[in-house]
Amino acid sequence: MFLISNDKSADLADGVSKILGIKKGDVEKKVFPDGEIYVRILSEIADQSFAVVHTTQTNDDLIELILTLSALSGGGAKNIVCVIPHMIYQRQDSAFFPGEAVSAEVVVRMIEEYCDEILLVNAHFLERGGVFEFAGTKIRNLDAFPLLGGYFSDVKNLVIVSPDEGSMHYAKAAADAVGCPYDHLVKTRLDGETVEMSPKDLDVGGKNIVILDDIISTGGTMKTAAQRLLDQGAKKVVLGCVHGVFTKGFDVFEGYDVVCTDSLPTPLSKISLAPVISEALEDYLK
Ligand code: R5P
C-alpha cells in the first residue's frame, strides 16, 4: 500500500507512514492561472493499493481530493481507501428547510464514486465510532475522543464535560479512556442577556475541567462555557475538539487554553490523529 496526501495532511500522513512503515507516493499538483487544479500521480498506479489521507477545509481541497481519487481509479489502482480527517460540508446533513441541498450527502456521493472505502473522523452526522450507512454509502467513522482523553491523562482532579447533552457521548468516550468523571453542561437563561451553563450533576469547584466537542467553529459555545465554569469555581478550564475550524481565527481565543487534533493543520493542533488512522489502516494491510 502507498500513502497519498495533500499538503494540508502532509505531516499527518508522514506520521501514519512512520507508524505503519508504508511509503508515500508522489503527486504533482499545479494551479492554473484561472484557478483550475491539476493533479498527476507520479508513482506507479496499476494494481497497487492506496490510502489517500487528504483533509478538506476549502472547496479547492475537495476538488483536489476528487481529482486525486479519480486519477488513482482511472489509472487502475487495485484498492483505494480514502481517509478524510476533516470532511467539509459535514454539518449540512439534512434539509432543515424545504429546498435546501443536503451538502454532506452530495460530498459523500462524489467521493464514493472514485474509491472503495471512506474513513472519516468523528463525522458530525454520525453518532459514534463504527461503520454506518450514510447517503447509501458505507462509511467508517473513526473516534478520536479516547485519544483526546489520553492527552489529559496526567491531569489531577480532572472532569471532562461536553457543552450539551447531545454531545455527551464524546465526553464519555474521552473520560472512559482516562477513568475520570464526565458530565454535560445545561444551559439556563437567567434573563435576556445572561445564560448560565453548569454541569448537570457534578460540582466543578476546585476541579480541572476539560470541555470537549467535535467542532470548534467561532468558539462562541466553548468560550461561554469556559467563562461560566470559571465563575462557578473551576480551578482551570481547557477547551478541546477534534476539528479546529476556527472560523474567526485564533486571536479570539487569547487567554483560553485550546487544543485540537491535526484533522486540520492549525497552530493549536497538538494532538496527532496518526495513531487512530494507522490503527484503522492496519485492517487493509492484512
Ligand atoms: C454543533 O453542532 C457542533 O457540535 C459545535 O458545537 C459547533 O459547531 C460549535 O460552534 P461554535 O464554535 O461556532 O460555537
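**Close-up 1. Surroundings of T56 in the predicted model.** Leaving aside residues up to four places away in sequence, T56 touches D61, L62, L65, I84, H86, M87, I88 and L264, where contact means heavy atoms within 4.5 Å. T56 sits in the loop between β4 (49-53) and α2 (59-74); helices (H or I, at least four residues) and strands (E, at least two) are DSSP runs, numbered from the N terminus. With a relative accessible area of 1%, T56 is buried, a term that stands for under 20% relative accessible area (1.4 Å probe, protein chains only). The side chain of T56 reaches the backbone oxygen of H86 at 2.7 Å, and a polar atom of that T56 side chain lies 2.9 Å from the backbone nitrogen of I88.

**Close-up 2. V121 in strand β6 (residues 117-121).** V121 is buried, its relative accessible area being 2%. Not counting residues up to four places away in sequence, V121 touches I84, P85, N141, L142, A144, V242, H243 and L273.

**Close-up 3. Helix α5 (residues 168-178) and its cover.** Within α5, the residues H169, Y170, A171, A173, A174 and A175 are buried, and what covers the buried residues of this helix includes α4 (145-151), β9 (158-162), β10 (182-189) and β12 (208-216). Just after α5, G179 takes a positive phi of about 70°.

**Notes to all views.** Residues are numbered from 1 along each chain as its sequence is written, and side-chain values use heavy atoms, with hydrogens and water left out. The model is predicted: local features need pLDDT of at least 70 and side-chain atom pairs count only at pLDDT 80 or more, whereas totals for chains, interfaces and linings use all residues.

Note on methods
Buried means under 20% relative accessible area, exposed over 50%, partly exposed in between (1.4 Å probe, protein chains only). A polar contact is a pair of N or O atoms within 3.5 Å; within protein, one must be able to donate a hydrogen and the other to accept it, and residues adjacent in sequence count only if both atoms are side-chain atoms.
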